[in-house]
Amino acid sequence: MTKDLQAVPAIELRGIGKRFPGVIANHDIDITITSGTIHALVGENGAGKSTLMKILYGVQKPDSGTIAVNGHQVSLSSPSDAIAIGVGMVFQHFMLADNFTVLENVVLGAEKIAGIGDDARNRIRQISDDYGFDLDPDDLVEDLGVGERQRVEILKVLYRGAKIIILDEPTAVLVPQEVDALFDNLRELKDQGHTLIFISHKLDEVLSVADDITVIRKGTTVASVKPAEVNARQLAELMVGSVLPSPSTEGSTVTDKVLLEVIDLELDDATGRPELVDIDFAIHAGEILGIAGVEGNGQTELVETIIGMRRQARGTIMLAGEEISEWSTRRRRETGVGYIPEDRHRHGLLLDAPLWENRILGHQTRPPSVKGPFLNPPGAKADTGRIVSAYDVRTPGITTTARALSGGNQQKFIVGREMSSDPILLIASHPTRGVDVGAQAAIWGHIKRARKAGLAVLLISADLDELIGLSDTIKVILRGKLVATFDPQSVTPQQLGSAMTGADAISEERS
Amino acid sequence: MSRWMRLGLPVAAVVLALVFSGVVATLVLLFTGDDVVGFWRVLFTWPSERDLVDIINMTAILYLSGAAAAIGFRMNLFNIGVEGQYRLAGLFAGAFAAQGLLPGKLNVAAAILVAMAVGALWAGIAGVLRVWRGVSEVISTIMLNAIAGSLIGFLLVKWGESTGNARNTKMMPEDSWTGFFRLFPDVSDGAYHLSLLAPLVGIAFFILVYYTRFGFDLRAAGASESAAVSSGVSVKKMIVVSMLLSGAVAGLIGVPMMFSEAHQYGSAFQTGLGFTGIAVALLGRNHPMGIAFGALIFAFLGQQANLLNILAGVSPDIVNMTQGIIVLSVVIAFEVIRRLATRIEQRQVATQLDAERQGDTALKGASA
């Protein structure tokens, strides 16, 4: 790194503020990003990282403050402004057309740069070679893995001439081995003079790859540190502003009573391709079974088959000794299946309905919400009040619409609702995704209490620490199969990661 | 959100939309050089007693039509086929009543059931196609409208009677005729007896949607199909059932007038009410009370339109246009209001929680 590069920072943000109705997303943000470094921006969910990056990428305009890029003050009113001055962004959710080739995806919207033919193809090859991306311009994106798709996204940004690249939680979708490969790419980019802004809340990764770290809490910058000066715990405490909770199970409560038993379960998609193969497991009363896996390997399908939204091609599901394989979703839920869905907005709530009506959802046939064929609003309202206070749902009242609550409070409400009516099985899909640390600790507490109360709990999560901390047993799902079983007392995230990619041998060579 | 806002905002939206439509109609009239003052004078003339009776009857009929459409809308089903359903139902009910199989009013009751059954079955075809083959109910109901029209013509030619140039079903026996509620001493007829079906349907609709499990499932499926499915609602079943219900109510549309006035199915049977019902349902936000309001406005405007040509020399088409603008502006106004209300509510939640949080911090400070 040369002296004069350091002299002019790549990006200087001064006093950035952004308000949304009812929310101060950012205020008094001050960040200096040195040219040619990897700068990590850390903070818990909802701290304001994404808003800040959207401001920097021109998606949103700040209400106050100034942005300077390479020493020049700029005003960005659209992403094309940002691209024009060399700022590019790689979003967490890929924006790629599956049925297009790498080349077509890259040139889409940037046809002016080098056309759509061989010029563009050569340029893409060149970039891919320069940074070790190992991408063929003529491969179809649908044939690529997650890591490769992410490299396509980065390539898109480089192709448009970006020197400053923002990566929004790039590792969220990757397994540990892919993360290592990504970091190699990032270091390569840095060595060639690019500046990288890396948003994350995974602290180990941040500490291993970043040159500088800025911590954001409650919408503002609270600290700028060097990775050498802090450890993960200190960084986490800077993030949450208090001492960290951690998921940890107290002594075993596993009994020998099997509550959920899944035998030789298979599921096919509409075209007859297998989505779940030979799934076999049992969960006992008082046991938490964790399912680890890279997203899209059959977790969603497994949950939907157990809950009855999808119908298995073969196999048997037993709940408390009764075969439920052919039962409707409603009948299964009536028997005592609590369900915390992975996407609470789509599957767990009626966003524009008041909380007390949401109390009825999923419990339409059970007291206290109904009396015979009729609804029982007083009963539902009273019980909503109980959930709100017992589960610490922060809301002005039970007639507030679900949409108005924050993610954490919505989730606490769902957990409270699903723990009502004496469930015997709790299915929790990514229960703490997108919730703040406070709510996360509360939800962990509730899941542990469910276990203590003798429920069988099926926990699906992408957060390996959560899985290891809460589960009594961990099984790994890969391409619709359960491929490995681990004891969380002894397993490491690395071992889980290897099993999740099916790359045990390769990872052992590496480590 | 306060109760006042919950009720006040929608009313404000409707008033604004009406005012806006009036302004647009005025501008159009100014542009075409028509008699603006005359237009407004006619529109705001208190209707004669005779016209009031017509307005009341039309309100009842449009209410049934609006309710039929609204039941589908609640479930995100666009039953465009109310038109075909009620015409076919009218034909079968008229033909059935004409047989006189049952004595007097029992015959009427049975004919009403026939109308509901035929309407339900015709709509049910679209429902079954949707869940069985994934055919959009919009397409299938539009096609079923066309088929219903041809089928009616065919059946009338085959089994109907001729009166002059027109083909009708047989006249029903006189003891099956229903009369009128006399509203004004000087007007010989009044509200159709069977217009009472409208409030009955309204009350049943209200209880069904807001106070039963079925209604909750219906609303849940309409608001978020994915959430409804996870909660155990069988969406396929809901689609078929709500199409059947929608069609059954549609079947009633032609009944009040047929039994009180025409006493047979034929050329006097008013068509086009099914399409108006869609507008009425939109105007009434698919709410049982709102639909009543929407039906009243449409009935009133429709009646006044008849006078426009005579009294002000303005084409009554301007009223059709105004009705269209009202529907559009109400839809827009409600969307604006919905967003506004969400924003206000989110702000309230945020303010309240901020206050709480500060309280928490203060507490912590004190204990430390």
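## Where chain A meets chain B

Across the interface of chain A and chain B, 12 residue pairs are in polar contact, both residues at pLDDT 80 or more. A polar contact is a pair of N or O atoms within 3.5 Å; within protein, one must be able to donate a hydrogen and the other to accept it, and residues adjacent in sequence count only if both atoms are side-chain atoms.

This is a predicted model: local features need pLDDT of at least 70, side-chain atom pairs count only at pLDDT 80 or more, and totals for chains, interfaces and linings use all residues. Residues are numbered from 1 along each chain as its sequence is written, chains are lettered from A in the order in which they are written, and side-chain values use heavy atoms, without hydrogens and water.

Helices and strands are DSSP runs, numbered from the N terminus (helices: H or I, at least four residues; strands: E, at least two).

Helix 12 of chain A gives the most, with three residues.

In contact (heavy atoms within 4.5 Å) are 33 residues of chain A and 31 residues of chain B.

The rule finds two salt bridges across the interface. A salt bridge is a side-chain nitrogen of Lys or Arg within 4 Å of a carboxyl oxygen of Asp or Glu. One joins the side chains of A:Glu357 and B:Arg219 (3.3 Å, N to O).
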